[in-house]
Amino acid sequence: MGLMKTSESFITTKIDDMIGWARKNSLWPMPMGISCCAIEMMSFAGPRYDCARFGSEAFRFSPRQSDLMIVAGTVTYKMSHVVRKIYDQMPDPKWVIAMGACTSSGGMYRVYSVVQGIDLFIPVDVYVAGCPPRPDNLINGLIQIQKKIARGEKPGQSEKVYIQDPS
Amino acid sequence: MKNPDNRKKSIYKILLEFMKEKLLNKLNTHFKDSIESVNEFRNELTVFIKKNDIVKVCQFLRDDDELRFDSLRDVCGADQNKTGDRYEVIYNLYSLKNKFRLRLKVRIEEENPHVPSVTSVWPTADFEERETYDMFGIIFEGHPDLRRVYMPEEFEYHPLRKDFPLMGIPGSLPLPRK
Ligand code: SF4
């Protein structure tokens with residue numbers, strides 16, 4: 001953020017930077033937990049990994065109050081319409097994390113019923129690898145989203161971030 | 001080497017020997033013509049039944065005081081991938097009284113995949129028969145509401161048939177617009 005200190009009690013900044021700073025530190029995730037990855041997403045929110053440290057502890061089960069969708073699980077063709085509908089109901093600007101192998105690429109389910117990657121029907125900003133990804137890696141994904149917001153990028157249009165599994 | 005005959009008999013073996021005689025005696029007296037074959041594998045008993053007699057046999061197995069197969073644990077299908085009797089419908093029964101499992105099988109021709117529904121005997125067969133219809137396209141006659149369970153209503157194929165490609169048929173399942 002372009003901060004400039006002029007005297008002891010004033011700072012100047014751009015309004016966009018100010019809003020971006022507020023947004024990035026109060027991401028409200030929509031937990032789109034569809035299968036096993038959702039368990040790791042819960043521990044990401046729980047006290048041990050504690051995503052509240054990054055300002056996104058307010059999981060909203062209503063898409064209308066959230067601005068980050070964490071898609072955690074195997075998305076089947078039948079479910080894809082629901083995911084899309086929920087994504088459509090979220091207010092702009094909205095960000096998407098594809099958590100886990102299934103969500104990013106279909107994972108081990110190379111079958112007729114599973115969508116081979118949710119980027120076939122919604123724009124994704126960050127892909128987190130792993131089956132399931134470790135919660136700390138999901139925190140890394142969250143931080144990448146925060147960096148994107150801080151840089152003033154547009155959701156769904158900026159360069160994709162692919163997070164490797166460190167283990 | 002140990003002599004396999006000297007191994008301790010498992011409880012399942014004892015139960016099987018005990019139930020098999022009783023069961024087959026009863027079935028043979030009442031439904032001699034309905035039984036195609038009997039097969040025993042790893043202490044599990046499988047009886048092949050003629051297609052049109054399945055409801056009759058099931059009703060008997062459920063209501064007989066000694067056998068009491070009161071629980072239908074599963075109905076599923078199988079595609080044997082051969083001409084003629086291509087499909088099978090498999091009924092796994094359980095008798096809570098005797099703690100004994102029995103498997104009934106019905107062979108179904110490829111050209112005419114119809115079989116009578118056993119929902120009149122065990123209402124729980126409802127969803128399981130719908131699943132079998134969904135996956136194999138086997139039509140259960142007399143089923144109260146034979147719709148798909150897993151796949152969307154407008155889907156045209158039956159995915160567990162052996163001739164269905166693993167990755168599906170492109171375009172058969174629509175994605176939302178991007
Ligand atoms: S990536 Fe692994 S853990 Fe995550 S939903 Fe798929 S199978 Fe489950």
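This is a predicted model: local features need pLDDT of at least 70, side-chain atom pairs count only at pLDDT 80 or more; totals for chains, interfaces and linings use all residues.
Student: Which residue is the bridge partner of Val128(A) in S7(A)?

Tutor: A pairing can be followed residue by residue, and here Val128(A) has Ile163(A) as its bridge partner in S7(A).

Student: In what order do the strands of the open sheet in chain A lie?

Tutor: The order is read from which strand pairs with which, and in chain A the five strands of this open sheet follow S3-S4-S5-S6-S7, with parallel pairing. Strand S3 (29-33) and strand S7 (161-163) of chain A are the edge strands, since each of them pairs on one side only. On average, and with direction ignored, neighbouring strands of this sheet are turned by 15° against each other.

Student: Which strands does helix H3 of chain A touch where it packs on the sheet?

Tutor: Helix H3 (residues 77-89) of chain A touches S3, strand S4 (68-72) and strand S5 (95-99) of chain A, and the direction of the helix makes about 175° with that of S3(A). Helix H5 (residues 135-150) of chain A, in turn, lies across S4, S5, S6 and S7 of chain A and runs at about 155° to S5(A).

Student: Which residues surround the ligand, and how many of them are nonpolar, polar or charged?

Tutor: One lists the shell and then sorts it by class. The residues around the ligand include Ser35(A), Cys36(A), Cys37(A), Gly73(A), Thr74(A), Cys102(A), Met108(A) and Cys131(A), and by class the shell has seven nonpolar, four polar and no charged residues.

Student: Why does His158(B) count as buried?

Tutor: The label rests on relative accessible area, for which buried means under 20%. His158(B) counts as buried because its relative accessibility is 15%. This residue lies in the segment after strand S7 (139-141) of chain B, and its side chain reaches the backbone nitrogen of Gly137(B) at 3.3 Å. Leaving aside neighbours within four places in sequence, the contacts of His158(B) include Tyr133(B), Phe136(B), Arg148(B) and Phe164(B).

Student: Where is Gly55(A) found, and which residues does it touch?

Tutor: Gly55(A) is found in the loop between helix H2 (37-45) and S4 of chain A, and it is buried because its relative accessible area is 17%. Not counting residues up to four places away in sequence, Gly55(A) touches Asn25(A), Ser26(A) and Leu27(A). The C-alpha atoms of Gly55(A) and Asn25(A) are separated by 5.0 Å, although these residues are 30 residues apart along the chain.

Technical notes
Residues are numbered from 1 along each chain as its sequence is written. Chains are lettered from A and ligands numbered from 1 in the order in which they are written. Side-chain values use heavy atoms; hydrogens and water are left out. A residue is near a molecule or strand if one of its heavy atoms lies within 4 Å of it. Ala, Val, Leu, Ile, Met, Phe, Trp, Tyr, Cys and Pro count as nonpolar, Asp, Glu, Lys and Arg as charged, and the others, Gly among them, as polar. Two strands pair if DSSP finds at least two bridges between them. Helices (H or I, at least four residues) and strands (E, at least two) are DSSP runs, numbered from the N terminus. Axes are lines fitted to C-alpha atoms, for helices over the stretch in contact, and angles run from 0 to 180 degrees between N-to-C directions. Contact means heavy atoms within 4.5 Å. Buried means under 20% relative accessible area, exposed over 50%, partly exposed in between (1.4 Å probe, protein chains only). A polar contact is a pair of N or O atoms within 3.5 Å; within protein, one must be able to donate a hydrogen and the other to accept it, and residues adjacent in sequence count only if both atoms are side-chain atoms.
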